[in-house]
Each structure stands twice: as C-alpha cells, then as structure tokens.
Amino acid sequence: MAYQTVNPANNKLIKEYPSHTDADVEAALSTADALYHSDWSKGSMDKRLAVLHKLADLIDSRTEELAKIASEEMGKLIAQSRGEVKLCAQIARYYADNAKQFLAPVKYPSEMGEAWVEHHPIGVVMAVEPWNFPYYQLMRVLAPNLAAGNPVIAKHASIVPHCAETFAHLVREAGAPDGAWTNLFISSDQVATIIADDRVQGAALTGSEKAGSIVAAQAAKHIKKSTLELGGNDVFVVLDHADLEKAVKIGVNARLANAGQVCTAAKRFILHEKVAEQFLEKYTEAFRNIRIGDPLDESTRLGPLSSKDALETLTKQVDEAVKNGATLHYGGKPVQREGSFFEPTILTNITRDNPAYFEEFFGPVAQIYVVKNDDEAVKLANDSHYGLGGAVFSKDIDRAKKMASKIETGMVWINWLTDTAAELPFGGVKRSGYGRELSDLGIKEFVNQKLVVIRR
C-alpha cells in the first residue's frame, strides 16, 4: 500500500511517503505501552488537558496553512477545509474544558454500602481512520483518549499522509509525550498484528463496512473493545408543509458538501407527493447552477472526488443504477477536464430490486423517492442496511418529531442537514456501526468504569 499525496484537482503526484516497518511498529507499541504505565496516564489529568488546550490554540493559529494542506491532498473546498480545522480546535478545547466533569466519580445509592464508579484509562487504542475529513476524524479519537489517558496508535488513509504527518507534529508540538499519539504508515496486516498484541486494549475505526467488519472481527477474536463508524445511506425527508426554499438550499449542501463524500451526507431524498415535482424542479435548477472547479478557488461550489479510484467507482455505480432501471434525471458523468471531477447527479425511479437502492454513493449523486404519506416515508427510510443519520423538513415540528423518533438511525436532524459538534454524540446502528464518538458518550467508550464499594 503506497502512501502518497496526489492532488485530485489535477491528479499530479506531490510526494510519496515510505511505509513503516515491523520494527517501527514494535517500537511504537513499546513506547505507547510504557506511557500508559507511567504517571502521564495514571496521574493527574491536568497535564493532559493542558496539552489539549495548547493543541486547540496551535490549530487556531494555523487555520489557513492546515486548510490548504487538506484541500490540496484530498480536494475539499478551501472554505470547508477551514471549517474542519476550526472544528478540530473546538473538539480539543471541549474535552480540555469538560473531561474532568465527564470522568468524575459517579455515586450509586445502594443498600450494599457507599458505592461509586471511577473512570480509568484501559491502555493503548488502535485507530484506523479515513481520508474524507483528514483532521477531524483524527481529533475525534485523539481528544477524548488523550484526556482519559489512553495512548493512541493511528493508521490514516493512504491518500492523506501529509495530513496524518502534520497532525502528529501538532500533537507533539502541543506538549504530548512520545507514545501519546503515534502516526504509522502501515498495511492492513500490520493493523491486525497491532490489534492482536496484548499491549493494545481497543480498536476504533471510521471507514467502509468491509474494513469495519475486518477490524471488528480481529478485535472480537482477541476480546478487545471496538467502536465502528461506517457508511450511511441517510434520508432527507421533505414533508408537504416544509419550507421548500429552505429545504432545497440546505438539501443541495447536504448532498454536495465535500463533493458528497460524507458518511452522513443526504443520499436518499424522500419527497411527499404534494411537493415532489416542485422540489425536484428547484433542486435540479440548483444543481445546474453549481460551479465546478479548483477547490482552492473561493467561488467553487463542487470540487473533485478524492482520487481517480473514487471517480471510477462512482461512475460504475451510476452506470449500473441506470442499467438496472433508474432514470438519469440530471448529470451522471465524469467532468471532461483534468482531475477527478464528477457532475452533480440526480437519479429517479429507483426500484427496490436495483442494487442502487441499498448502496452508498460516495459522491455528488442524489436519489429521489416519492411517497404518499408519513408512514410510507418512515418505511422507506428504515428499509436500509445502514442507520447513521437523517433529516426531516416540516413546519409542523410535532409531526417531524414523531417521524424522527420512528427513523432507525443514530441521529436525526429536523429542518437541518445531519451535522456534527463536539458536544453532540455521533454514531449509528445497523451496518453503520456501533459506539459513539464526541460528547460525554465518546470519552467513556475506552475507559474502565470501575465500581468501588465501602461496606459499612
């Protein structure tokens, strides 16, 4: 597996990075394990939280530099890269400010005696992370685990090595000791070896369903805790009394942000029949006016996909969907220019026997479905292998709340796209994975919730 930076806006190779050897892996494990058994992990949390505060300040001071690295390496629009960088600083600061409260002892009233639960680190965690949010995905794992005292070994995606290396340097510059966060350019086999190692106590993965099943199986085989944040096939439900202008505007961003390469992007647009035609007309017009171009140009609305492989995969998916009966309503082809660009695309008339019905399209492709009522909308929403996020648009908030409660996902947003914030739990059900990241829930995934009882 070659770790290399290729600018997807022109497919030009910028730099190749050498892979780490088995000896490098052993050194990383040894250093991380030694740190776990030291006062850094076992002692006062204050010194760890000070590192997170410093890290947040460092990131804020280098927003432009970090954003440009991400945009050049994986094609994210520069404004969206800036947003991602700022979110990383917020997450670091959030755990720096709140971890003590989250991990404070919790009393449990009991006739058995004075009882409480303490929260302790469990050991080294192996993290496998994807390219689509090359800093944010790392920060989601680093911040809570650094606060809790768990050293982390990270394998980032092979197409974002510059972001991986840059992030590791920032953590070190913020004052974290060797072993607190270790970036390794390694293979899947080396990841499996690390998870099997007795010095490792947990595995966290964000990525594909296939990768998740492999990591989860390896962790389970060795009785290790794991968390998975996998794919999504999120719905964007527009009910008959929705604010259509708002739904269209937010719906475009919900599908095209990050060139559609978001696990929680709106992928299946479920429209009430009374507004379906009007919504589709406005939505198509909005797609028609999207400016495709260089992600570093502030006026660009749709940048490239992350790689040539991503472009080829999406092209095949759209072609197969049409071959199996879907109607290509708009777009549907790679853009005729250098780089890995794909047209904003709308598919309609997708039947349940079409493979596209259950697939995740990781790119700017919207699927349109029309339903007669709320029950049909919920049934269609839940007829999915995935269960990550979703959105419901309606001026009738009580009606939207009832629907949100019935949709089988880890997250539902009303009158907004599926979003994220440091203080909100993030995760899904079904094949979208298990466990939660961020908020107070995220920091407790890899801690020992230890009961202590004094019998009087």
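Tutor: On a 1 Å grid over the protein atoms alone, a pocket is an open set of points with protein on both sides within 12 Å along at least five of seven lines, a cavity is a set where a 1.4 Å probe fits but cannot get out, and lining residues have an atom within 4 Å of a point. The model is predicted, with local features needing pLDDT of at least 70 and side-chain atom pairs pLDDT 80 or more, while totals for chains, interfaces and linings use all residues. Residues are numbered from 1 along each chain, and side-chain values use heavy atoms, without hydrogens or water.

Student: Which residues lie nearest the centre of the second largest pocket?

Tutor: Those are F133, A257, L417, T418 and D419, out of 25 lining residues, and the pocket holds about 550 Å³, a volume being the space filled by probe spheres on grid points joined across faces, edges and corners.

Student: And which helix gives the largest share of that lining?

Tutor: Helix 5 does, with 4 residues, and helix 5 (78-102), helix 6 and helix 10 (244-256) each supply at least two; helices (H or I, at least four residues) and strands (E, at least two) are DSSP runs numbered from the N terminus.

Student: How much space is in the largest pocket?

Tutor: About 1,600 Å³, and P130, W131, A157, G207 and S208 are the closest to its centre among the 45 residues that line this pocket. Elements giving two or more residues to the lining include strand 1 (3-7), strand 8 (200-206) and helix 12 (308-323).

Student: What about the second largest cavity, which residues are closest to its centre?

Tutor: That cavity holds about 60 Å³, and N233, R268, Y386, G389 and T409 are the closest to its centre among its 13 lining residues.

Student: Now the sheet of 3 strands, what is the strand order?

Tutor: The order is 3-4-20 in an open sheet with antiparallel pairing, where two strands pair if DSSP finds at least two bridges between them. Strand 3 (106-107) and strand 20 (447-454) are at the edges with a single partner strand each, so one side of each has no neighbour in the sheet.

Student: How many bridges join strand 4 to strand 20?

Tutor: There are 8 between strand 4 (residues 114-121) and strand 20, which run antiparallel, and H119 has Q449 of strand 20 as its bridge partner.
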